[in-house]
Amino acid sequence: MICKKTLSALLCAASVIILCSCTDRNTENETDLFAMDTYMTLKAYGENSKSALEKASAKIRELEELLSVTDENSEIFGLNSADGKRTEISDDTSFLIKRSLEINKSTNAAFDITLYPVSREWGFTTGDYKVPAQTRLDELLKSVGSENIILDTNDNSVSLLNGANIDLGGIAKGYAGKCAAEILKNEGIKSAILNMGGNVQTIGAKPDGSSWIVGIQDPTDSHELVGTVEVIDKAVVTSGGYERYFEDEAGNTYWHILDPKTGRPAKTDILSVTVIGIDGTTCDALSTSLFVMGIDSACGYLRSNREYDAVMVSDDKTLYITQGITESFSVSDKFSGYKIVTV
Ligand code: AMP
Ligand code: MG
């Protein structure tokens with residue numbers, strides 16, 4: 001028979017164990033870093049979240065060093081300088097080129113990593129902005145096209161033909177978020193949120209089991225939100241002309257997302273597009289692609305690819321929301337007057 005004293009000691013010990021496990025599960029750690037041209041905040045919960053975050057940040061830095069288009073020591077820089085010669089590449093770069101080629105196909109070439117010589121001419125990768133002459137753009141467009149990328153995934157090698165150069169800026173951050181999430185999961189982390197500029201990657205649910213609530217930035221005012229979306233274990237990736245642009249003397253605005261057909265900033269009726277899904281790499285490439293495609297084609301794409309959800313803000317005060325997130329999306333007061341179209 002257990003005496004009263006022993007019972008209360010046992011109960012006491014049990015509550016200490018419960019308290020300890022709660023504290024461990026809720027231990028919050030945060031790492032801030034500047035990488036891939038963006039301030040990132042990585043937050044994770046759990047006993048070993050500090051060391052797990054260190055490993056995740058190290059992977060993001062490693063990817064930055066590999067994929068930067070301007071760093072002379074990067075793999076991409078080496079590839080772009082190889083004058084068409086077959087070049088061996090890492091698993092990460094090989095995977096990203098392969099995925100970019102698949103998305104190029106599925107988006108009818110709205111997504112094209114060979115646009116680099118064109119975006120360099122506009123100054124988007126150097127900050128030395130200018131509006132190139134159309135004749136110059138036409139010249140540069142001759143080397144744009146996925147047919148110029150010869151990728152061999154058996155031996156991880158690639159040749160860039162016809163003077164082509166590549167830039168993975170439209171997909172790399174999503175991939176970095178996905179890799180960081182995998183590292184955290186392998187380290188036993190069940191709950192984390194990675195804020196990487198316009199890219200948010202969530203791992204599991206919040207420590208209390210509820211959904212993460214991710215804000216979608218107002219494309220016309222960085223201090224306001226279009227609304228919020230509730231997610232668990234998903235990426236939420238936004239693209240918009242407001243992210244990087246310059247103005248000429250006449251006040252015309254030129255943004256960094258280019259239309260591969262014209263070599264000019266995509267003329268679109270979309271102010272911003274947010275893609276939500278389980279694969280951050282694809283969400284990133286798709287947010288860029290749907291922006292280029294414009295509302296009608298983007299809606300068509302989303303209707304035939306239901307595994308990805310989206311929130312799109314159009315230039316005629318309409319919000320386009322896919323069926324899959326009508327319950328989890330909440331519109332902000334500022335946007336409550338907008339027409340809402342379910343896609
Ligand atoms: P994001 O912010 O993810 O929409 O990506 C924009 C970046 O992707 C640009 O800064 C360029 O590096 C690159 N980019 C621009 N236009 C395209 C395009 N049509 N297809 C693929 N990448 C692009
Ligand atoms: Mg993108």
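**Close-up views of a predicted model**

**View 1. Polar contacts of ligand 1.** A polar atom in the side chain of His 256 is 3.1 Å away from an oxygen atom of ligand 1. Of the area that ligand 1 exposes when taken alone, 500 Å², the protein buries 91%. The model shown here and in the other views is predicted. The side chain of Asp 167 places an N or O atom 2.5 Å from an oxygen atom of ligand 1. At Asp 112 the contact comes from the backbone: one of its N or O atoms lies 2.9 Å from a nitrogen atom of the ligand.

**View 2. The shell around ligand 1.** There are 16 residues around ligand 1, and those that come nearest are Asp 112, Asp 167, Ser 239, Leu 258 and Thr 288. Which helix gives the most to this shell? Helix α8 does, with three residues. The largest pocket is the space that ligand 1 takes.

View 3. The magnesium ion is coordinated at 2.0 to 2.5 Å by Gly 170 (O), Asp 284 (O), Asp 284 (OD) and Thr 288 (OG1). Along the chain, the donors follow the spacing G-x113-D-x3-T. Distant parts of the chain are linked by the pair Gly 170 and Thr 288, which are 118 residues apart. Gly 170 is in the loop between β5 (157-160) and α7 (172-186), while Thr 288 is in helix α8 (residues 280-304).

**View 4. Thr 288.** Is Thr 288 buried or exposed? Its relative accessible area is 15%, so Thr 288 is buried, the limit for that class being under 20%.

**View 5. Val 331 in strand β18.** Strand β18 covers residues 329-331 and includes Val 331. Val 331 counts as partly exposed because its relative accessibility is 32%, and that class lies between 20% and 50%. Leu 319 is twelve residues apart from Val 331 along the chain, and their C-alpha atoms are separated by 9.3 Å.

**View 6. Glu 102 in helix α4.** Helix α4 (residues 91-106) contains Glu 102. With a relative accessible area of 34%, Glu 102 is partly exposed.

Methods:
Residues are numbered from 1 along each chain as its sequence is written. Chains are lettered from A and ligands numbered from 1 in the order in which they are written. This is a predicted model: local features need pLDDT of at least 70, side-chain atom pairs count only at pLDDT 80 or more; totals for chains, interfaces and linings use all residues. Side-chain values use heavy atoms; hydrogens and water are left out. Donors are N, O and S atoms within 2.8 Å of the metal (3.2 Å for Na, K and Ca); water is not among the atoms, so sites may look incomplete. Helices (H or I, at least four residues) and strands (E, at least two) are DSSP runs, numbered from the N terminus. Buried means under 20% relative accessible area, exposed over 50%, partly exposed in between (1.4 Å probe, protein chains only). A residue is near a molecule or strand if one of its heavy atoms lies within 4 Å of it. A polar contact is a pair of N or O atoms within 3.5 Å; within protein, one must be able to donate a hydrogen and the other to accept it, and residues adjacent in sequence count only if both atoms are side-chain atoms. Accessible areas come from the Shrake-Rupley method with a 1.4 Å probe; for residues, only the protein chains shown count as cover. On a 1 Å grid over the protein atoms alone, a cavity is a set of points where a 1.4 Å probe fits but cannot get out, and a pocket is an open set with protein on both sides within 12 Å along at least five of seven lines; lining residues have an atom within 4 Å of a point. A molecule sits in a cavity or pocket if more than half of its atoms lie within 2 Å of its grid points.
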